[in-house]
Structure formats: structure tokens, C-alpha cells
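Reader: I am new to this structure and would like to know the grounds for what is said about it. Please take the terms one at a time.

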Amino acid sequence: AEYLLRVANQRAQLSGDARSAAQLLASADEILQDLDDAALHPVRAEIAKEIAALQSSAERDVEGSYLALQALANEVAKLKIYQAPSYQPQATDWKQRLQVGFAAAWEKLQSYIRVREHDENFRAQIVPEQEGALRVSLQLMFEQAQLALLANQPRLYQRSLQKATDWLNRYYQLDEHRDALLDEI
């Protein structure tokens, strides 16, 4: 039983395998139960507490959370910052150019108008040329959260996701895809 307790401790601390550590503790508890010694009751009570703690931590799906963060990092590539529309006139007489220009402007205007309520006014925070660096930074935030998840550092994990949330709210205010990412976070 003592050997099983040591192996369970090693599994929990070194490999982070909570399920197998809980199974090893349950096996040690069975051995102590078979001994039928009342003096071992406090030991069995502690083993029961440890099994409950390990089972609750084993319920967290670290692999699933890791893969969800990877999917979020991949979705960052679909985000777009606001870009001002461009217009290129066509070479015809001035009346046709004017009509074509008004039609094209109206069509562009309809595609850019979205009615949303924002607490603060929209301001472009970066120039479009910096968008690539912004995307890479967001992906790195999700990767940092993945590493914090694997290293069992909840504070770093929360900070990474909070920073990614802040950046999404700050730089991608007009992107509809942003809302889906925020819901996932």
C-alpha cells in the first residue's frame, strides 16, 4: 500500500496524470480496507480526500482545452481590421462616370454600414500595414495560454486570455468574427 501511495504521488506530481494517480490511491485504499484495522481509519480518510481532489482535477480536459486554444489561434487569421474603401474611376464621359461613381459609392456604402451600439467611438488603433504583427501577437497570446495550461499555471493562463480578449475588443471592433472568438474565450 505504501508503494502504491508513492507511485501515485509521483504520477500526480511528475507527470500530472491525475486519473492514474487516483486509481493507484484507490488500489492502496482497497489493500488497507482488506487489512481491517481501525488504526488505519485516519489514513483511509486522507486517501479518500486525495482521491476526490484528483478526480475533480482529472475531470478537467487539458487536452481538449489545449486543442480549443489551438483552434482559437488558427481563427485569428480570419479577423480583419477596418480599411477605408477605395474608389477607382472608369474612363468614360463625365455623365457616365458620375452615374457609375454614385452607383459604386452607394453599393460600397451599403456593404460598410452596420448598425451597432458601442459605448465608445470607434478609432482605428493601427494602420493596416501593422495588421500582420497584430495577428501574430494574438496567436502568441493563445499559445502562451496553452503553455500555461500545460504547466498548470492558472494565473498566467487567465492573464493571457484576458489580454487576448482586450486586444480583440480594442483592435477588431467592427469584425463580426470577433464576437465568436470572444464567446469561445
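Author: A definition comes before the rest: the expected span of a helix is 1.5 Å times one less than its number of residues. The model here is predicted.

Reader: How do you know that the span of helix α7 agrees with what it should be?

Author: Helix α7 covers residues 154–171, which is 18 residues, and at 1.5 Å a residue these should span 26 Å. The end C-alpha atoms of α7 are 26 Å apart, so the two values agree.

Reader: Which residues of α7 are buried, and why are they said to line one face of the helix?

Author: The buried residues in α7 are Tyr157, Ser160, Leu161, Ala164, Thr165, Leu168 and Tyr171. Seen down the axis of α7, they fall within an arc of 160°, and therefore they line one face.

Reader: What makes the span of helix α2 agree with its number of residues?

Author: Helix α2 has 18 residues, 18–35, and should span 26 Å at 1.5 Å a residue. After α2 comes Asp36, with a positive phi near 50°.

Reader: Which residues is Asp29 in contact with, leaving aside its neighbours within four places in sequence?

Author: Asp29 is in contact with Arg44 and Ile47.

Reader: What makes Gln33 partly exposed?

Author: The relative accessible area of Gln33 is 45%. Buried is under 20% and exposed is over 50%, with partly exposed in between, so Gln33 is partly exposed. Gln33 is also part of helix α2. Between Gln33 and Arg44 there are 8.1 Å in space, C-alpha to C-alpha, and the two are 11 residues apart in sequence.

Reader: Where is the nonpolar patch on the surface, and which residues form it?

Author: Val62, Tyr66, Leu67, Leu147 and Leu150 form the patch, with about 470 Å² of accessible area together. The elements that give it two or more residues are α4 (62–75) and α6 (131–150). With three residues, α4 gives the most.

Reader: Why is Val62 called partly exposed?

Author: Val62, in helix α4, has a relative accessibility of 34%. That value falls between the cut-offs of 20% and 50%, so Val62 counts as partly exposed. Residues in a patch need over 30% relative accessible area.

Reader: What does the chain look like as a whole: how many helices and strands has it, and how many of its residues are buried?

Author: The chain has eight helices and zero strands. Of its 185 residues, 25% are buried. The accessible surface comes to about 13500 Å², and carbon and sulfur atoms account for 51% of that surface. Among contacts between residues at least 6 apart in sequence, 67% join residues at least 24 apart.

How values were computed: Residues are numbered from 1 along each chain as its sequence is written. This is a predicted model: local features need pLDDT of at least 70, side-chain atom pairs count only at pLDDT 80 or more; totals for chains, interfaces and linings use all residues. Side-chain values use heavy atoms; hydrogens and water are left out. Patches are made of residues with over 30% relative accessible area and no salt bridge: like charges are joined within 9 Å, nonpolar side chains (Val, Leu, Ile, Met, Phe, Trp, Tyr) within 5 Å. Accessible areas come from the Shrake-Rupley method with a 1.4 Å probe; for residues, only the protein chains shown count as cover. A salt bridge is a side-chain nitrogen of Lys or Arg within 4 Å of a carboxyl oxygen of Asp or Glu. Helices (H or I, at least four residues) and strands (E, at least two) are DSSP runs, numbered from the N terminus. Buried means under 20% relative accessible area, exposed over 50%, partly exposed in between (1.4 Å probe, protein chains only). Contact means heavy atoms within 4.5 Å. The arc is that of the directions from the helix axis to the C-beta atoms.
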